[in-house]
Amino acid sequence: MSNVVNGDAEVSGESYTNNLTHTVSASFSISSSPVATYTSPSPGKAGSLLARTATRTSVKQLKPFATEDIKILLLENINKTGRDVLTAQGYQVEYLKSSLPEDELIEKIRDVHVIGIRSKTKLTARVLREAKNLLVVGCFCIGTNQVDTQFAAQHGVAVFNSPFSNSRSVAELVIGEIIALARQLGDRSSELHKGTWNKVSSGCWEIRGKTLGIIGYGHIGSQLSVLAEAMGMTVIFFDAVNLMAMGTAKQVPTLEALLQGSDFVTCHVPELPETHKMISSQEFGQMRTGSYLINASRGSVIDIPALIDAMRAGKVAGAALDVYPSEPGGNGDYFNNELNSWAEDLRSLKNIILTPHIGGSTEEAQSAIGVEVSEALVRYVNEGATLGAVNMPEVNLRSLTMDEPNHVRMIYIHHNVPGVLRKVNEILGDHNVDKQMTDSRGDVAYLMADISDVSGSVIKELYQSLESLSSRIVTRVLY
Ligand SMILES: NC(=O)C1=CN([C@@H]2O[C@H](COP(=O)(O)OP(=O)(O)OC[C@H]3O[C@@H](n4cnc5c(N)ncnc54)[C@H](O)[C@@H]3O)[C@@H](O)[C@H]2O)C=CC1
Ligand SMILES: O=C(O)CCC(=O)C(=O)O
């Protein structure tokens, strides 16, 4: 394959960096000239930060490859804003509305350099092991529990997410659910849908003056706290760390204190071993009789058979669940006992709101997430910047400019073992290293160095020397 970029004829990458599976793909064409630059396609409609910065003529677009050779697989109906950012770069983007069963996913992931998912797609070690060309994963959501982020890092695959673009949407959904549960809205509505008029006030309450207990006072929990106080509720919260309370909310020292003191309990913790079945029979026993439970975090946080028992016993007067231990792969799939053995018992309860993991599903959230995550992916693919990565150290260097035509950016992802920097500096030391940054996270380290006045043959030597080090996970060359 050969490409022409800004008039420079390119030679096959295999002729000079045999093992480019560690950069992008062995089949990519790599310019023989480090001065080769890339003319950015016209910015997409998204009007994104990236599109805007690309029009600044002084910033040099770093690309070691023909952008149209970058293959991206987007699953789970990722918003058009995100697709637009990626297609505007000239990448090949394949887009599917649902997730894929594991075997199909493995077939598809073998080929791609970037994968974009939401909460449903499980990128386990088994799947990632097959992803030989994969550079980066974009989680177009907050949670990253669906990805084996540690395995990914150890194989040089960065993972990005959107840490708070859907937080407000989740908080608003929970506010709606608090009122809906207090007024038994779900039951009244479905009765009338079936033709039955059932006007009742017994067991229906205002939320003013009631206490909301928030478990996990992070982005969503603290946002919810502000909204709940504005509606006249008292807020208490429990968190693993000490945090500044919003408004007049109060942190309580134990989960038990939270459960005993709340009329409504809502969970906003990540999926972790410590949060697995955090609310089970014992915790339901500690809740006030007639209180309500909401979970829009992860399905594993609640012991659902214990919830069913607590609701049947009248201990819990209502519940709203948005997330489940097993969730269907796509719209139209069944939510039944084959998926979760207790599904039909759950569906038969009174005053229970069951939603299909829509906490973050608003136009505003999905549009913002699409742009945010796609831009992080583009920055990583094109420039190697890891800012915001959830599994790699955060490393960035200022963009190279058009005034620096003979520069190369070397990226060396490596095992964090003693003596690596000495060896890397022996390789880079004879050259003019303008800037260098290195950082580590656990047992993976990330080094980025911009080197000036280098020829194509020198780049090849630098690349091969870094590749030959035993500490190497991935070497990338950008210019
Ligand atoms: N239903 C939906 O569509 C959505 C669900 N989520 C879920 O909500 C979760 C929370 O989201 P954010 O508020 O953005 O996360 P965050 O990371 O900002 O806050 C989580 C809080 O939980 C606390 N925490 C962690 N372990 C704890 C423990 N064992 N006990 C008590 N507190 C603990 C942390 O200290 C932190 O303050 C996400 O991890 C995700 O799984 C997020 C967005 C949408
Ligand atoms: O929108 C989604 O698919 C997932 C939302 C979610 O659970 C998250 O952001 O963690």
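## Surface patch

A patch is made of residues with over 30% relative accessible area and no salt bridge, with nonpolar side chains joined within 5 Å. In this predicted model, Val 226, Met 244 and Met 246 form such a nonpolar patch on the surface. Together the three have about 290 Å² of accessible area.

Where does Met 244 lie? Its place is the loop between strand E11 (234–238) and strand E12 (250–251). Met 244 has a relative accessible area of 66%, so it counts as exposed, the cut-off being over 50%.

## Ligand 1

The shell around ligand 1 holds 28 residues. The closest are His 219, Ile 220, Asp 239, Ala 296 and Asp 322. By class, the shell divides into 14 nonpolar, 10 polar and 4 charged residues.

A backbone N or O atom of Ile 220 sits 2.9 Å from an oxygen atom of ligand 1. A polar backbone atom of Ala 296 is 3.1 Å from a nitrogen atom of the ligand. The side chain of Arg 298 places an N or O atom 3.4 Å from an oxygen atom of ligand 1. On its own, ligand 1 has 860 Å² of accessible area, and the protein covers 85% of it.

## Ligand 2

Which residues surround ligand 2? They are Arg 118, Ser 119, Cys 141, Ile 142, Gly 143, Asn 166, Arg 298, His 357 and Gln 366. This shell has 2 nonpolar, 5 polar and 2 charged residues. Arg 298 belongs to this shell and also makes the side-chain contact with ligand 1.

Oxygen atoms of ligand 2 take part in several polar contacts. A backbone N or O atom of Ile 142 lies 2.5 Å from one. A polar side-chain atom of His 357 lies 2.6 Å from an oxygen atom of the ligand. For Gly 143, a polar backbone atom is 2.7 Å from an oxygen atom of ligand 2. The protein covers 90% of the 300 Å² of accessible area that ligand 2 has on its own.

Gly 360 sits in the loop between strand E16 (352–354) and helix H13 (363–383). Is this glycine buried or exposed? Its relative accessibility is 11%, so Gly 360 counts as buried; the limit is under 20%.

Cys 141, one of the residues around ligand 2, is 219 residues from Gly 360 in sequence. In space, the two are 7.9 Å apart, C-alpha to C-alpha.

Methods
Residues are numbered from 1 along each chain as its sequence is written. Chains are lettered from A and ligands numbered from 1 in the order in which they are written. This is a predicted model: local features need pLDDT of at least 70, side-chain atom pairs count only at pLDDT 80 or more; totals for chains, interfaces and linings use all residues. Side-chain values use heavy atoms; hydrogens and water are left out. A residue is near a molecule or strand if one of its heavy atoms lies within 4 Å of it. A polar contact is a pair of N or O atoms within 3.5 Å; within protein, one must be able to donate a hydrogen and the other to accept it, and residues adjacent in sequence count only if both atoms are side-chain atoms. Accessible areas come from the Shrake-Rupley method with a 1.4 Å probe; for residues, only the protein chains shown count as cover. Ala, Val, Leu, Ile, Met, Phe, Trp, Tyr, Cys and Pro count as nonpolar, Asp, Glu, Lys and Arg as charged, and the others, Gly among them, as polar. Patches are made of residues with over 30% relative accessible area and no salt bridge: like charges are joined within 9 Å, nonpolar side chains (Val, Leu, Ile, Met, Phe, Trp, Tyr) within 5 Å. A salt bridge is a side-chain nitrogen of Lys or Arg within 4 Å of a carboxyl oxygen of Asp or Glu. Helices (H or I, at least four residues) and strands (E, at least two) are DSSP runs, numbered from the N terminus. Buried means under 20% relative accessible area, exposed over 50%, partly exposed in between (1.4 Å probe, protein chains only).
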